Amino acid sequence: MWALRTSAMAAAGLPSQAFRRSTLLSCKSLRSIHFHNKLSSFRAFPLAAPFSSSASGICTSAQALKGEFDVFLKGVGDKDTIEDVKRILEMANRASLRREILHTDFLTPPVLKEATLALQKFSDIKMVALGGYPEAERCRLSVGHPEILTSDPDIVAAMSISGNFGFEPCSHGDFLGAILGTGIVRDKLGDIILQGEKGAHILVVPELVDFLASSLDKVRNVSVTCNKIPLLALEYQPPRTKSLKTVEASLRLDAIASAGFKISRSKMANLISDGDVRINWATVMKNNTTVRTGDIVSVSGKGRLKIGEINSTRKGKFAVELIRYLIEMYSLTCCCVVNVHGSLESSSIKWYKSSALYTLAFPFCF
């Protein structure tokens, strides 16, 4: 009958290839039903449309349950960042399946950015990023089912490190080194906000507050006390910026960064090759890396700048807006008055703010 039916179709000029395709599709459907039955014991994990290319815009539950998250991370070049984001996605998967709330440690800005972009594609995951204050760079992520995560968790604590830093000012690195010297790991520590001669405010995970209060007693040679303070007591200022424009023949990193930081292109090339330059907090080693609007370029010891609007000129060049972040630090000036016998008669110490890197000057008046 099959041969007669096929011959008849051929004689009648009917598309036998279409018939064979429909038969193959039927076989595939049977296999799909069998595979679906094997997964029937798992809870569905619906995802939003950007993850899937299907007509309905919903990914199959098998893709998420198997932990196949690579499709979420296209365009992420740093391997360490990819591994960190994968762990966060797996944690979000567990939080959704168990209907509970889970928290990360403090995340670096690139990991936080990529994890946020990936988690936005899950329709049944809610996330909250908390760093202690609005401009925080290092934040913790809380993930959970929208019905469970209904308020901001209390997962960040603030502490004040106080001491007499009038004669021995300490940098961000000094405070960081002293804190890590107590034995805690970097992931448990958030931002460090310098307070001039008063010390610094820090953000930590709440479970380490008592430990730091009893363990941290010195920053460099300055004796300090460490106490918990309310988050509302944090003293910080929004970053100050300065805008400038440059016209360059290309959007190469070395060209744009040298214009933004006011240093020669050869010096910038050396900084890049030494690993001192980062784009969006990821180290870049190639001078010809192309920058784009929104990129944050950081140079060790120089600060950072943001790439603003980019327009083409009539001559085929690029007019680039650069937003330079000004580092507001404290400088110390000490004036001394010495009498004719060479004895110190009077002295005065004055702290003042400046939009520059940290400097220490001792101008003497005779």
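Asp84 and Arg87 both belong to helix H4 and stand three residues apart, about one turn of the helix. Helices are DSSP runs of H or I with at least four residues, strands are runs of E with at least two, and both are numbered from the N terminus. The model is predicted: local features need pLDDT of at least 70, side-chain atom pairs count only at pLDDT 80 or more, and totals for chains, interfaces and linings use all residues. Residues are numbered from 1 along each chain as its sequence is written, and side-chain values use heavy atoms, with hydrogens and water left out.

The side chains of Asp84 and Arg87 form a salt bridge, with an N to O distance of 2.3 Å; the term stands for a side-chain nitrogen of Lys or Arg within 4 Å of a carboxyl oxygen of Asp or Glu. Asp84 has a relative accessible area of 26% and is partly exposed, and Arg87 is partly exposed at 47%. Buried means under 20% relative accessible area, exposed over 50%, and partly exposed in between (1.4 Å probe, protein chains only).

## Salt bridges between distant parts of the chain

The structure holds ten salt bridges. One of them joins Asp105 to Lys188, with the closest N and O atoms 3.0 Å apart. This pair links distant parts of the chain, 83 residues apart: Asp105 is in the loop between strand E1 (102-103) and helix H5 (109-119), and Lys188 is in the loop between helix H6 (172-180) and strand E5 (189-194). Asp105 is partly exposed at 27% relative accessibility, and Lys188 is partly exposed at 24%.

Arg220 and Asp174 form another salt bridge, their closest N and O atoms being 3.3 Å apart. Arg220 is partly exposed, with a relative accessible area of 45%, and so is Asp174, at 21%. A network of salt bridges links Glu168, Asp174 and Arg220.

## Negative surface patch

Asp78, Asp80, Glu83 and Glu90 form a negative surface patch. Patches are made of residues with over 30% relative accessible area and no salt bridge, like charges being joined within 9 Å and nonpolar side chains (Val, Leu, Ile, Met, Phe, Trp, Tyr) within 5 Å. Lys and Arg count as positive and Asp and Glu as negative, while His and the chain ends are not counted. The place of a charge is NZ of Lys, CZ of Arg, CG of Asp or CD of Glu, and accessible areas come from the Shrake-Rupley method with a 1.4 Å probe, with only the protein chains shown as cover for residues.

Asp78 lies in the loop between helix H3 (61-65) and helix H4 (79-98). At 34% relative accessibility, Asp78 is partly exposed.

## Open sheet

Five strands form an open sheet in the order E5-E6-E4-E8-E7, with antiparallel pairing. E5 and E7 are at the edges with a single partner strand each, so one side of each has no neighbour in the sheet. Two strands pair if DSSP finds at least two bridges between them; E5 and strand E6 (residues 199-204) pair in the antiparallel sense over four bridges. The bridge partner of Ile193 in E6 is His201.

## Positive phi values

Most residues other than glycine have a negative phi. Arg99 has a positive phi, near 55°, and lies in the loop between H4 and E1. Trp281 has a positive phi near 70° and lies in the loop between strand E10 (277-279) and strand E11 (282-283). Arg99 is partly exposed at 35% relative accessibility, and Trp281 is partly exposed at 30%.
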